[in-house]
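Subject: Handing over the two-chain model

Hi,

Here is the structure I promised to pass on. Could you open it up and keep it beside you while you read?

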Amino acid sequence: MSVDNVTTAATTPEHPQPYRDLGLRDDEYQRIRDILSRRPTSSELAMYSVMWSEHCSYKSSKVHLRQFGDKKPHTDAMLVGIGENAGVVDIGQGWAVTFKVESHNHPSYVEPYQGAATGVGGIVRDIMSMGARPVAVMDPLRFGPLDAADTRRVLPGVIAGVGGYGNCLGLPNIGGEVVFDPSYAGNPLVNALCVGTMKHEDIHLAKASGIGNRVILYGATTGGDGIGGVSVLASETFDADGPAKRPSVQVGDPFMEKLLIECTLEVLHAGLVEGIQDLGGAGISCATSELASNGTGGMHVWLDRVPLRDPSLSPEEILMSESQERMCAIVPPENVEQFMAICRKWDVIATDIGVVTDTGRLIIEWKGETIVDVPPRTVAHDGPVYQRPYHRPAWQDALQADAPTADRLPRPTTAAELRALVLRMAGAPNLASKAWVTDQYDRYVMGNTVLAQPEDSGMVRVDEETGLGVAVATDCNGRVAKLDPYTGARFALAEAYRNVAVTGAKPLAVTNCLNFGSPEDPEVMWQFAEAVRGLADGCLELGTPVTGGNVSFYNQTGTVAILPTPVVGVLGVIDDVDRRTPMAWGEDGDLIYLLGDTRDEFAGSEWAHEVHGHLGGMPPAVDLAKERVLGEILIAGSRDGMFNAAHDVSDGGVMQALVEMALRSNVGARIWVPDDVDPFVFMYAESTARAIVVVPRDEETRFAGMCAMRGFTASRIGVVDSRLDIDAIEASTEEASNGAVPAQLLQLDNVHGETLRWTLDELRAAHTATLPAVLNA
Amino acid sequence: MTTLLGARIGVVTFPGSLDDRDAARAIRFAGGEAVELWHADADLKGVDAVVLPGGFSYGDYLRCGAIARFAPAMQTIIDRARQGMPVLGICNGFQILVESHLLPGALIRNDHQHFVCRDQRLRIENTTSVWTRDFDFGDEIVIPLKNGEGGYVADEHTLDMLEAEGRVLARYLEVNPNGSYRDIAGLVNAQGTVAGLMPHPEHAIESLTGPSTDGRPFFTSIIASLAAGVRA
């Protein structure tokens, strides 16, 4: 039977169309009819429905996201701003960096391995389509409780998918997060971040300019991936015995993606390409309408030329297919032959499917019939925009009033209780070693990884001659965001900013992945609006512009939304990676300093969560001016060689930070609790704007002067000491010392008049046992 | 023509090779000239030795290294290797050498079924090969290991022969990361010229980016060997 073409559509206005099944509302469908002055063809309906979906059009979030532009701090670093596939930042020496984080939450729940794998693939193509070489990935991941049955289904698959795709693609995985919380049990969050580098002159944009230029589709063939939703159209046009079900999850082929990267970089560097766009969500619909809309304005496409891996696909399905590892390039006719030759070299299929025109229309033909004839801008950019209603939840006040004060949440009071608590916290799922996860990722490939997990941020060398490099960290504490979404977004920003600064890199730019529940729930919408406002205000205060990001709504189980989770990624630059500050302390006698002030702040803390399962109160105060000063100290100290090590203080407070530093270096230390603070508060409070730095003795005066000049609190809390046990054995009686093997110790003095000691072996055992005990079971 | 100091070492890029740039960098660090070779090109550009880098050649479809073996470049390399040209296969390169029957045995899925990336301790047990002469026997080194299919297997007879002939190049210490028989991490042919190694020495040439600089002697060894007159 013939396809639904524009002539038929014009003469059959009453033909019923399943627009509601495609997610379009009555008024949206009417708007399409108004734009076209007729009913849409089924192919046009497919295009509009997917391009006007929440996922592609940002129709619920757009009005809020504008703040990222409106409140943009002044900076000379932005080369390409929001709106392109990914923002581009100048890092000096003629180099530019692009980075972005995206969600792949829902597919990863349905099919963990492929969902996670194609999440990596999609973000890598975004980076590639800016003209950059992808150089690193990282994955912020959130799951239900570690011991929940479904976590054991989802987590191993997600990790294997991230690793399987990224490892095969040859991109080092240098960081990310693994967080457990009951709210993610039915809706895990799988976010994927990619960083790419390029010379300024290699920046490319997604636009189809130049009448007569060819539209070339290259990469994988097109199959029935990810078009589950369009099957309602297929069932209209197909015979009853045609393929009934289409899969809604895409399947990735990292080998093809690797070829696509090398092939794309070669055609870009050869100067053959006018514009370029990746095919991700909404596939050919998205690529053709966006390229045309951003360029000269018209395009003519012969859809039947698209190479198919399933010849039974209908034109609607081809337009919607989310088959992976495909790109679209706009190539001047005189370059086509050379373009094709490079594709052949890499065994990449390339097909001339269309031409750039000046008609102002996107016209798509199928076997001689016109099945699409639309103004491309109405598809790609002029979708509906909603001012969704929102209001502060009624329960917010009660939640904030439920403060974790000592009288309401019992705290450990004796030295023995505190000793046990340290071991428990070291092994708490959210604080425990994530080596079970990260050991499945290749962190070495490309040979430029300077820092990788469990360091505070991932750092890669960009220029092997000069040592120029970039650092990236992602963070979010969803519990804090639930207590107060405005503060929660700033809290996440502050932590990611600090994690970059701790390594010695100067924070430059911000990306985000805003994971929330349903935008149709006014309380969720309020969380979203507040988080965006908080992040935009925070970025203005810190002088770090938002270069791009992603919104993921409808993350909920039934009517229960996930914790509001605005994941914030910060990118920083370091002139010479040789001067980075690692987290492992080194030399005996080095002084351990705590920077910043510790207050009795436990709302949203890991202690309240782990020990009491409690969430309530006002979150720790966020003071971005202080964060900025702390950042200056961390960067200056790194540049001037004042630090042998540094580590961010956040989840699990000072004590967990010290445990992590000791285990990373395998060297002991002696710490004393300052007289003016309660030991438990000192150990586990989660006040912001703090870091631990390790200062060589001969730098102490200069360091203290630097902090004093900036009016920043610096407290000497300890000293690196590998001989604690040796000294103890030597000082003990002969029989005790006989044959004793000295251990590395972490010692905490002045704890209610007592001294606490842990061997690093027992801390390590507690820290590393948690994930394997559950996941290898 | 090659000069005494101008060791020219080829690095083959297959579709899906990932550590080719790293191998080239390691060769340059050691003082050699790294020459890019392309899988589809049978011409080896007159190189004195070849490194087959890590990665997932041809997507590791069918079986790791099984398709790469038939690449035009490999046909020349197999012929020349049989005539004495030094070849080092790292990770996927090791798999290709095994598939090419230049080395015995096979590499199979890790026994624990996961991809593993870790800093691995090894003991060097052959210091006569052209790739390990700059080590001392029994040297313990730490270099990255990263593989999904790195379990070395062979029949008992072959394993006994490898041991008897001193052809085990390196053995895993502390942890056997992939279930390799007899903890074998690498081996060499009877002539001491064709070596396969599952861990990655090319990722351990700078302390900045690797866990150590323990990988360097593999590359200085070949340059010294070539200077001493080992030529194909």
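Below are my notes on what turned up, going from the overall build down to single residues.

First, the housekeeping. This is a predicted model, so I was picky: local features need pLDDT of at least 70 and side-chain atom pairs count only at pLDDT 80 or more, while totals for chains, interfaces and linings use all residues. Residues are numbered from 1 along each chain as its sequence is written, and chains are lettered from A and ligands numbered from 1 in the order in which they are written.

Chain A overall

Chain A has 28 helices and 28 strands (these are DSSP runs, H or I of at least four residues for helices and E of at least two for strands, numbered from the N terminus). Its C-alpha atoms fill a box of roughly 100 × 55 × 50 Å along the principal axes. The radius of gyration of chain A is 28 Å, which agrees with the value near 28 Å for a compact globule of 777 residues (it is taken over C-alpha atoms, and the globule rule is 2.2 Å times the number of residues to the power 0.38).

Of those 777 residues, 60% count as buried. Here, buried means that 20 or more other C-beta atoms lie within 10 Å of a residue's own, exposed means 12 or fewer, and partly exposed is in between, with C-beta atoms placed from the backbone. If you take contacts in chain A between residues at least 6 apart in sequence, 84% join residues at least 24 apart (a contact is two C-beta atoms, placed from the backbone, within 7 Å).

The cores

Which residues touch the most other members of the largest nonpolar core? They are A:Leu493 and A:Ile692, in a core of 250 residues. A nonpolar core here is a set of buried Ala, Val, Leu, Ile, Met, Phe, Trp, Tyr and Cys residues joined through C-beta atoms within 7 Å. Helix H19 (residues 485–502) of chain A gives this core its largest share, eleven residues. There is also a second, separate core of 68 residues, with B:Ala26, B:Val98, B:Ile143 and B:Ile222 among them.

A sheet with a helix across it

Six strands of chain A form an open sheet, in the order S1-S2-S3-S6-S4-S5, with mixed pairing (strands pair if DSSP finds at least two bridges between them). Its edge strands are S1 (78–80) and S5 (173–180) of chain A, each pairing on one side only. Further in, strand S4 (residues 133–143) and strand S6 (residues 189–199) of chain A run antiparallel and are joined by seven bridges; A:Met138 stands opposite A:Leu193 in S6(A). Helix H8 (residues 149–169) of chain A lies across S4, S5 and S6 of chain A, at about 180° to S4(A). That angle is between N-to-C directions and runs from 0 to 180 degrees, with axes fitted to C-alpha atoms, for helices over the stretch in contact.

Single residues in chain A

- A:Val301 sits in strand S9 (residues 298–302) of chain A and is buried, because 24 other C-beta atoms lie within 10 Å.
- A:Glu325 has a positive phi, near 60°, without being a glycine, and is found in the loop between helix H12 (315–320) and strand S10 (326–331) of chain A. It is buried, with 27 other C-beta atoms within 10 Å.
- A:Lys367 also has a positive phi, near 50°, but is exposed, with 12 other C-beta atoms within 10 Å.
- The peptide bond from A:Gln453 to A:Pro454 is cis, with omega near 5°.

Helix H3 (residues 92–99) of chain B is mostly covered, with eight of its eight residues buried. The cover includes strands S3 (49–52), S4 (87–90), S5 (106–108) and S11 (194–197) of chain B. After H3(B) comes B:His101, with a positive phi near 65°.

As for the interface, 21 residues of chain B are in contact with 23 residues of chain A. On the chain B side, helix H1 (20–29), strand S6 (116–124) and strand S7 (140–147) each supply at least two residues.

Over to you!
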